[in-house]
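Good morning, colleagues. Please look first at the sequence and the structure on the screen, and I shall then guide you through some selected parts.

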Amino acid sequence: MNYAGFSFEYSAYIYKDSVYIPLLDVLSFLGIFNKTEGDGIITGYVANPDTTYEINFKENYIIDINGKKKTILDSTYFRSELDYFILPNILEKTFLFSTAVYQNKLLVYIKSTIEMPLLREMKRQKKYTLMTPKEDYETASLPEISGSSFKVLDGGMLEYRLGASQSRQNRNYTYMANVGLQLLGGEMQYNAFGSYEEFSKSGLNDYNLRWRYFFGQNDYLNQVSVDYITNTSIRQVSVLNTLSQSKILQGIQFSNETTRMPTSFSNFIISDRIEPDWQVELYVNNQLYSQTRSDNIGYYRFELPVKYGNTNVELKFYGPNGEYYMKTDYISIPSEYIAPGKFFYTLSGGKETISGDYIFNGKLSAGVTSWLTGSVDYSKTYKQKAYDLIGSASLRITGNLLLSGVFSPDRFYKGGLRLNSENFGSYDIIYSVNKSVDSAKGQEFNTIEINGGIPRILGLPVNLTLRAINSDYKDVNTTNLNAYLNFNLYSIMLTGRYYAYLTKDKIKNSMDINHNLNPQLDISWYNKPKFLKFLGNTRFTIGSIYDMNVGRFMNLDFSVQQEIAKGANLQGNLRRDLISKMTSVNLSLMLNLTSVIANAGCSSDLKGNNSFNEDLSGILGFDSQKYNLYFSNPSGKTFMGSGAATVRFFVDRNNDGDYQDDEEEVKGVDFYVPNGTIEQSSDVSGGKRIYNLMPGGKYNVFVKKESFKNPFIVPKMTEFSFVAEPNAYKSIDIPCYMTGIVEGIILKVSGTDTSGQGGVKVHIVNKETKDEVTVPVFSDGSFYKSGMMPGNYIIYVDSLQLKLLDCESNPQLIDFEVRSLADGDYVSGLGFALYPRTISKEKLSTISTAKADFRDTSKIAIDVKNKQEKIVKSNYNVPNEEKAEPAKMVQEILKEKTFLYKNTRDFELSSGLLKYLELVSQYLKENQKNIVEITGRTDNFSTAEVTFDLSNKRCKVAEEFLITSGIEKTRIICKPLGTANPLGDNLTPEGREKNRSIVIKIIDNK
């Protein structure tokens, strides 16, 4: 029988050209739930309990899955001792199948519009094999190839910006320079900025200096800063504004905070009870994350690492009889939340630069539980009695409902509620009581604020954002209302902004409103005719402001932006004031180049009042390791307070691990660095650069192997980590090697005849890493393998195939080395001779093959006859083929036994497994009514196809051994599962080891 590519073998009857098939066997094969209701009545359902059916042989009718009753004839079925044999048309009537019978092929073909449980189950199992360990890219533990180092003086970064403007009346010049160095192992930062006006001969200049030392990822003290510091934390402690003022001090600061927010929050436990032995799948952001089965009391459990931001969680449940349902959840973790058990503090003290007061400030934030975070902020001014104390707490009521509160004694109280929804957007409601009189009106007041937005209205490309703030004073009540509507379709975007300000005078009992509307239309022109193909995108924008109080448009703005070359944009603006009848025009050129950003523009009111402006900005970095200067575009790269790195790949010709001037760089290699900005150039000399690295932070690098243009060049490592240095380039060189080629021949010796033995396999094992590859042998006995990394290897012929051929290999193993050469090594002459096992061990020990060129088979045959060579020995464990005593075999047989594979890709018979299979063979011969079940599994090292194929190989080598020992194929059941239904957790090394297994189970078939 064949359904959707899945086959099932069964016994059928042919009578008068009609084929009768076993009903219960077919239902079992397709996974259709069935049960016997009395004598001759079978009921059940397909896929879900709504698709019920009934087959009544007692009264000769069926009720199909649509509920229709149909009669059946006596001639369409008959009953045996164990099953009902039916014509396929009964399946057609009951399940609305279409069937075809091919007697010459002994095949029944089934086609159905309803997905059978068999197919659904196989799809699920395939999904499971595609799952990979969900280890966080940011926190994964990778080999560290470059740690932090103490240097008195190193590195150097200069971020600069120079600008000038000129009009008929005046000229003005501005500058900004940020200088960063690594000084005494820490970060030294000097900032200078100022301006000069030529007409007044005056200018403003200012500067500040800060030195900061990083201790790395330390829970108690991460950084110490001296001189110019800010008294606030980088971490937002509440969704509400705490009203704490940011002040600049000249002093000292201690903190255990990092300069970068983490992405991972904490592990959440998702558990519940359902029916026993149900399949449960966990989806995270619409991607299958994990799967399990409920235990014998229906309990299931997942441990889910949750990140900051919004996470969609979906659970799908599959019953053993086709039942199915699902439930969803939404987890929102704002940035102010801290993982349970974690705390962050900042202690600051010094002289305020504006008032000259000496201030102490302390801030502490802690994650109490996964649903509660609290903080306290304390400030005290020297020689003043007053102090400032602010406390806050954030409570996660459900996955998407958050409650926050902030208070300051005698100043204000605030409470807020946030609701996050995947389909309906996010909403904030904040209420505050302000007791202080430091407001603009000098009065106490209360406010209520509402923020919200709908991402896609009715599923259309329309977004709506709203914000309303109502402030209630003693004498007046004010309301600010903002609304933003966006419609985006293909290259057209239409936006509308509405703003209103309402004032209610409580004394005069009067109301005043000012409101306006700002419509704008943007059109992008991408597809141009051939004669304009040299131009990039063109964007047209037209907009205006409509004053709803007076009922008229106030102005009209029109602009055109044209990309004239890569990184070069020309923009023209025309503005018409409809009230004053004034017109102004502006033309600007923007250059966003690899090493600099430059802007130049001019404007005019068409009445002789003209002005010009230009500015230039960039970053200059000094790599002290390579003594190179780098000019960089500052767009998206923030150097001050951060580090940088260059990663270079090279062909290590002399195998010393260090880059030499005469060695070849491998350009165009792509890699991924979480939380790092990578230079986009695909083919650079000196390596690709990474920016925005937190000093003292550890960064993981994941190399994309497919980006190597030459397939014979491979890097020494594809996953590694390094520690960033402050304001300095860190040079990282990764050696690469030219891979080698291995070839040889296998000859079968029979008397005086020698011929190539095709169809077998050889196994090549790296002696250091234990990685193994299997190489097929061509029909002439030759084999060939390219892409071999330099290293020491052993090679041997497949032991099971030797057993099937009843031959022994001489030598059993060959040791060889693939050397690291400039053009790759070439290893040839790996020869094996296969002799019948009937040759005596004494005679065999005097015969061996020579390492000869596989193309000269006659030479190998002569060497086999005339030369003697010691058999190559190795510490690699080749299966021991000694047989155990028959009596001992029967005594030691178990109902079920598991054997583990040491290496991921192993599938050969180990000595222990081989001995146990001999016991199983003897036991089955003595117990003819028993059968054996062989289940193969793998860890999740690769794709579904690869893992399933490997598990199938593990089953087949055991099956072939039992068949060659005299056990009928019909008494052997092979179940290759790949990574489905794992014995252990693939997220741990121990669990993966358990899954590299084969299970031998004896089944009583009485």
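This is a predicted model: local features need pLDDT of at least 70, side-chain atom pairs count only at pLDDT 80 or more; totals for chains, interfaces and linings use all residues.

I begin with cysteine 807, which counts as buried because its relative accessibility is 1%. Buried here means under 20% relative accessible area, exposed means over 50%, and partly exposed lies in between, with a 1.4 Å probe and protein chains only. Cysteine 736 likewise counts as buried, at 0% relative accessibility. A disulfide is a covalent bond between the sulfur atoms of two cysteines. The structure holds 0 disulfides, where the term requires a pair of cysteine sulfur atoms within 2.5 Å.

Residues are numbered from 1 along each chain as its sequence is written, and side-chain values use heavy atoms, leaving out hydrogens and water.

Now the protein as a whole. It has 10 helices and 67 strands; these are DSSP runs numbered from the N terminus, helices being H or I with at least four residues and strands E with at least two. Of its 1006 residues, 44% are buried. The accessible surface comes to about 52400 Å², and carbon and sulfur atoms account for 54% of that; the areas come from the Shrake-Rupley method with a 1.4 Å probe, and for residues only the protein chains shown count as cover. Contact means heavy atoms within 4.5 Å. Among contacts between residues at least 6 apart in sequence, 55% join residues at least 24 apart.

Four strands form an open, antiparallel sheet in the order S3-S4-S11-S10, where two strands pair if DSSP finds at least two bridges between them. Strand S3 (13–15) and strand S10 (77–79) stand at the edges with a single partner strand each, so one side of each has no neighbour in the sheet. Neighbouring strands are turned by 25° against each other on average, direction ignored. Inside the sheet, S4 (residues 18–22) and S11 (residues 84–86) pair in the antiparallel sense over 2 bridges, and isoleucine 21 has isoleucine 86 of S11 as its bridge partner. Helix H1 packs on this sheet, touching S4 and S11, and its direction makes about 60° with that of S4. Such angles run from 0 to 180 degrees between N-to-C directions, with axes fitted to C-alpha atoms, for helices over the stretch in contact.

Which residues of H1 are buried? In this helix, residues 23–30, they are Leu23, Val26, Leu27, Phe29 and Leu30. Seen down the axis, the buried residues fall within an arc of 160°, so they line one face of the helix; the arc is taken from the directions from the helix axis to the C-beta atoms. Glycine 31 follows H1, with a positive phi near 80°.

S57 (residues 761–766) and S60 (residues 791–797) are joined by 5 bridges, and valine 765 stands opposite isoleucine 794 in S60.

Tyrosine 793 is buried, at 5% relative accessible area. Its contacts include Ile764, Met788 and Phe816.

Technical notes: Lists of a residue's contacts leave out its neighbours within four places in sequence.
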